[in-house]
Amino acid sequence: MIYKLCKVHTYLTDKDIKKLENIANNLPLIADLLQADIFIDCMTKDPDAAIVVAEAKPCNFPSMYQQSVVGEFALRKNEPAVLRTLEIGMPTRDLRAITQENKSVKQNVVPIRNDLGDVIGVLIAEIDITKSINEKKNMEILSETAEKLTEALQTFSDTGNPIHYHITDGIIIFNSSGISTYANPVAKNLYRKLGYIDDLIGIHFNNLVLDGKRFSEIKSQNFISSSEVYISELTLKVKYAVMKQRNIEVVGVIMVIRDISDVKAKEKELILKSVAIKEIHHRVKNNLQTIASLLRLQSRRVDNETAKIAFNESISRILSIAVTHEILAQKGVDDVDIKTILSRIKNKVIDYSIPKNTRVRIEITGDNLNIDSDKASSIALVVNELIQNSLQYAFVGRNEGIIEVNIQKGSMYSNISIIDNGVGFDIKSTRPGSLGFNIVKSIVKDKLHGQINIQSNSKGTKVMFDFKN
């Protein structure tokens with residue numbers, strides 16, 4: 001398991017992996033000695049994530065984990081100690097972390113080095129600190145409940161502690177008869193904006209309610225209810241919670257009012273931007289198709305066969321980018337399904353690039369994967385280039401064949417393979433200076449931050465490249 005995980009997710013050598021395997025054999029002993037969960041993590045291709053490659057639970061001490069976490073990722077935001085030690089090679093002591101099962105622990109982390117002194121992994125011992133922070137968690141939870149919020153407000157009001165100045169929501173408390181007994185400064189300012197002149201204390205619920213609810217209706221509810229109100233130029237979110245004494249008798253109602261006008265304004269702005277972005281993508285797509293049409297007209301006036309090929313290659317590249325903008329113009333969002341894009345490219349290739357009397361079939365298989373528009377355009381260019389390359393060279397002397405484009409979605413990196421059953425070629429004799437090959441290499445390396453791998457023999461060619469999700 002260690003070897004497989006390291007080969008897929010890391011750049012470690014076989015010798016480094018062997019050293020980790022030897023250390024992993026001793027993890028159960030270490031776990032029993034320290035009475036702690038022990039792990040080995042390694043840095044992945046993502047600079048903000050490590051991967052768990054080995055684990056051991058103590059035999060005579062309860063483990064914090066219900067399931068195995070081997071193969072799971074340790075993210076920087078959850079386990080800073082792990083990433084720190086992996087990067088700088090210094091031990092980290094008693095630093096708090098969040099496990100893959102969302103438990104709070106303290107981690108002691110030490111580096112594992114190879115014979116050259118390079119850090120190849122870390123050894124982690126975890127101690128449960130959930131109990132020690134339960135009190136803090138309970139305070140956070142209780143502060144969000146209606147009954148405890150009421151008690152806190154009343155207590156601090158009696159003692160003169162200005163806690164209400166730190167609450168950003170408007171809060172009004174009504175007694176069992178519906179008369180307001182408390183209003184914090186935020187609520188007072190809010191009602192002042194709505195034209196209220198009198199002090200809010202002593203006013204009946206019916207004169208303060210903003211969403212048409214009745215006090216008897218609120219009192220009869222055993223849960224928190226909420227609604228949105230559009231009043232004046234404000235958008236308000238109003239929540240109600242019933243206060244009960246000994247969980248039986250209703251002693252009052254809390255009304256919490258939040259001004260979400262800015263949030264709603266930003267939502268409207270985003271909608272308008274989305275419409276504008278759709279229009280921009282639509283125009284870009286039209287412009288690209290116009291350029292492709294002009295090039296196609298120009299190519300018909302050229303007699304030189306080499307020039308015609310160059311024109312057709314340029315047209316194909318332009319149309320592959322246009323496909324991405326076409327889909328974005330329809331959706332209005334920045335994320336697109338790469339499988340949909342590649343299917344459109346396939347149709348373009350079938351219409352414009354496959355010679356007549358040639359039965360070459362193109363298949364798009366694998367997973368659906370949403371990616372951003374910039375990455376989608378880059379992938380579209382690469383796949384288009386590789387399909388065109390297969391059509392040009394793979395089926396020389398043949399009039400039929402298959403090109404399969406397979407998408408494999410990974411947890412951190414995904415990959416796309418272009419596979420044909422053509423005549424193959426000698427990789428060593430590939431023209432390194434060809435424009436298409438240079439375009440593919442440059443995009444995969446610089447734009448997609450991935451790697452490309454080519455395999456070829458007499459039964460066909462497979463080109464695979466990966467990219468970060």
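Here are some notes on the fold, the helix faces and the ring contacts of this predicted model.

1. **Ground rules.** This is a predicted model, so local features need pLDDT of at least 70 and side-chain atom pairs count only at pLDDT 80 or more, while totals for chains, interfaces and linings use all residues. Residues are numbered from 1 along each chain as its sequence is written, and side-chain values use heavy atoms, with hydrogens and water left out.

2. **Overall make-up.** The protein has 14 helices and 18 strands; these are DSSP runs, numbered from the N terminus, with helices (H or I) of at least four residues and strands (E) of at least two. Of its 469 residues, 41% count as buried, where buried means under 20% relative accessible area, exposed means over 50%, and partly exposed is in between (1.4 Å probe, protein chains only). Take the contacts between residues at least 6 apart in sequence: 56% of them join residues at least 24 apart. Contact here means heavy atoms within 4.5 Å.

3. **The five-stranded sheet.** You'll find an open sheet with the order E13-E15-E16-E18-E17 and mixed pairing. Two strands pair if DSSP finds at least two bridges between them. At the edges are E13 (359-366) and E17 (452-457), each of which pairs on one side only. Neighbouring strands are turned by 10° against each other on average, direction ignored. The axes behind such angles are lines fitted to C-alpha atoms, for helices over the stretch in contact, and angles run from 0 to 180 degrees between N-to-C directions.

4. E13 and E15 (residues 400-408) run in the parallel sense over eight bridges; look for Thr365 opposite Asn406 in E15. Helix H13 (residues 373-393) lies across E13, E15, E16 (413-420) and E18 (460-468), and runs at about 175° to E18.

5. **Strands around E11.** E11 (residues 249-259) pairs with E7 (residues 170-175) in the antiparallel sense over six bridges, with Ile173 standing opposite Ile254 in E11. E11 is also antiparallel to E10 (residues 234-245), over 10 bridges. On that side Met243 stands opposite Gly252 in E11.

6. In H1 (residues 2-9), the buried residues are Ile2, Leu5, Cys6 and His9. Seen down the axis of H1, they fall within an arc of 95°, so they line one face of the helix; the arc is that of the directions from the helix axis to the C-beta atoms. The buried residues of H1 pack against H2, E1, E2 and E3. H2 (residues 14-24) has Asp16, Ile17, Leu20 and Ala24 buried, and these fall within an arc of 100°, so they too line one face of their helix.

7. **His9 and Lys45.** His9 is in helix H1 and counts as buried because its relative accessibility is 16%. Leaving aside neighbours within four places in sequence, His9 is in contact with Met43, Thr44, Lys45, Ile51, Phe73 and Ser411. Lys45 in turn lies over the face of Tyr413, at 5.7 Å from the ring centre. For that call, NZ of Lys or CZ of Arg must be within 6 Å of the ring centre and within 35 degrees of the ring normal.

8. **Aromatic pairs.** The whole structure has seven aromatic pairs. Rings of Phe, Tyr and Trp (its six-membered ring) pair if their centres lie within 6.5 Å; planes under 30 degrees apart count as stacked, over 60 as edge-to-face and the rest as tilted. Phe39 and Tyr65 are edge-to-face, 5.2 Å centre to centre with 65° between the planes. Phe39 sits in E1 (residues 37-43) and Tyr65 in the loop between E2 (49-56) and E3 (73-75), 26 residues apart. Both Phe39 and Tyr65 are buried.

9. **The aromatic cluster.** Phe174, Phe205, Phe215 and Tyr240 form one cluster. The ring centres of Phe205 and Phe215 are 5.2 Å apart and their planes at 55°, so the pair is tilted. Phe205 lies in H8 (residues 205-208) and Phe215 in H9 (residues 215-219), so the pair ties together parts 10 residues apart in sequence. Phe205 counts as buried at 0% relative accessibility, and Phe215 counts as buried at 8%.

10. **The H8–H9 loop.** Gly212 is in the loop between H8 and H9 and is exposed, with a relative accessible area of 63%. Gly212 and Val229 are 17 residues apart in sequence and 9.6 Å apart in space, C-alpha to C-alpha.
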